[in-house]
Amino acid sequence: KQHAALTRWGDLQRVYLNEKEVADGVAQAKVLLGVLGACAEDVRKSRDEKSALEALGKKIKDAKYESELSTYTLGSAASDKATPADIDSREASIGALFDELTTLHATKQAQLEDELAREMFRDELRVKDVISRGMLAAVVAWGEESKALLNAREEIDDIPKANTTISIVAGWRRDKQTTTETAVAALRSLGNEIISAKYDALSTYTFGASASDTTTPADVTQRADDVDTLLGELD
């Protein structure tokens, strides 16, 4: 009965450990690893049942009836249907089962740890994407302020006013150069970093490759294009 119960339990464990589970998010990856950890604990506890089976087998094989008239050990009678070899075979099959489960667990552990690492990488790219969107918003806001400044029409009827206007425009051009060399350059650099980043281990991931991703590389590229359009409008 112990052998049959362990065999049925092992079959269930084998089905679970052979199932490849794919995480969509860090939280789910951690849950999957937690379930695997519970499975490992179950296997550890079941080893006690394996030890009990082996102890019972030894007890049966060591048992001996002996008197002055006769002796008996398991399998020594012609009519015995069970032999010590049967016990050894059952124990060997359970030993092989636990060896298999250990190998399957290690494989699944590596796969789920890869799921977690990939989803953490994906989260990092999401954060960078949020930063990229914020950087674009800042440049657009600067562009709108620039348009308002450049489109302002003030009556210039003397030299001081003309000099003031020239000074304002010159200052804006310096500001534009600084913005182009810093904020705009940083936006483009971060965009390239997001698009070129790749996770490549047991699984792979590039930005926008997951079905649940809401932003694509094209969206990131479009931000740079939008900035180029904005700068062109200001020239």
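In which kind of crossing, left-handed or right-handed, does α1 pass α2? In this predicted model, the crossing of α1 past α2 is left-handed. Helix α1 comprises residues 2–18 and helix α2 residues 26–62, and the two pack with their axes 11 Å apart at an angle of about 160 degrees. Since angles over 145 degrees count as roughly antiparallel, α1 and α2 are therefore described as roughly antiparallel to each other.

On the side of α1, the contact is made by Q2, H3, L6, W9, Q13, Y16 and L17. The residues that α2 contributes to this contact include L32, V35, L36, C39, D42 and V43, and among them are also S46, E49, K50, A52, L53 and L56.

Salt bridges were examined next. The structure holds 21 salt bridges, one of which is formed by the side chains of K61 and D88, with a distance of 2.5 Å from N to O. This pair links distant parts of the chain, for K61 lies in helix α2 whereas D88 lies in helix α3 (residues 84–151), and the two are 27 residues apart. K61 has a relative accessible area of 29% and is partly exposed, and D88, with a relative accessible area of 37%, is likewise partly exposed; both values fall between the limits of 20% for buried and 50% for exposed residues.

A further salt bridge joins the side chains of E119 and R118, at 2.9 Å from N to O. Both E119 and R118 are buried, which means that the relative accessible area of each is under 20%.

Another salt bridge is formed by R188 with D228, whose closest N and O atoms are 2.0 Å apart. Here, too, distant parts of the chain are linked, with R188 placed in helix α4 (residues 159–196) and D228 in helix α5 (residues 217–234), 40 residues apart. R188 counts as partly exposed, at 30% relative accessibility, and D228 counts as partly exposed at 38%. Beyond individual pairs, salt bridges that share partners join D24, E115, R118, E119, R122 and D213 into one network.

Key:
Residues numbered from 1 in each chain as written. Predicted model: local features only at pLDDT ≥ 70, side-chain atom pairs only at ≥ 80, totals over all residues. Heavy atoms only, no water. Axes fitted to C-alpha atoms, helices over the stretch in contact; angles between N-to-C directions. Helix = DSSP H or I, 4+ residues; strand = E, 2+ residues; numbered from the N terminus. Parallel < 35°, antiparallel > 145°, perpendicular 65-115°, else oblique. Left-handed = near helix turned anticlockwise from the far one by under 90°. Contact = heavy atoms within 4.5 Å. Salt bridge = Lys/Arg side-chain N within 4 Å of Asp/Glu carboxyl O. Buried < 20%, exposed > 50% of the residue type's maximum accessible area, 1.4 Å probe, protein only.
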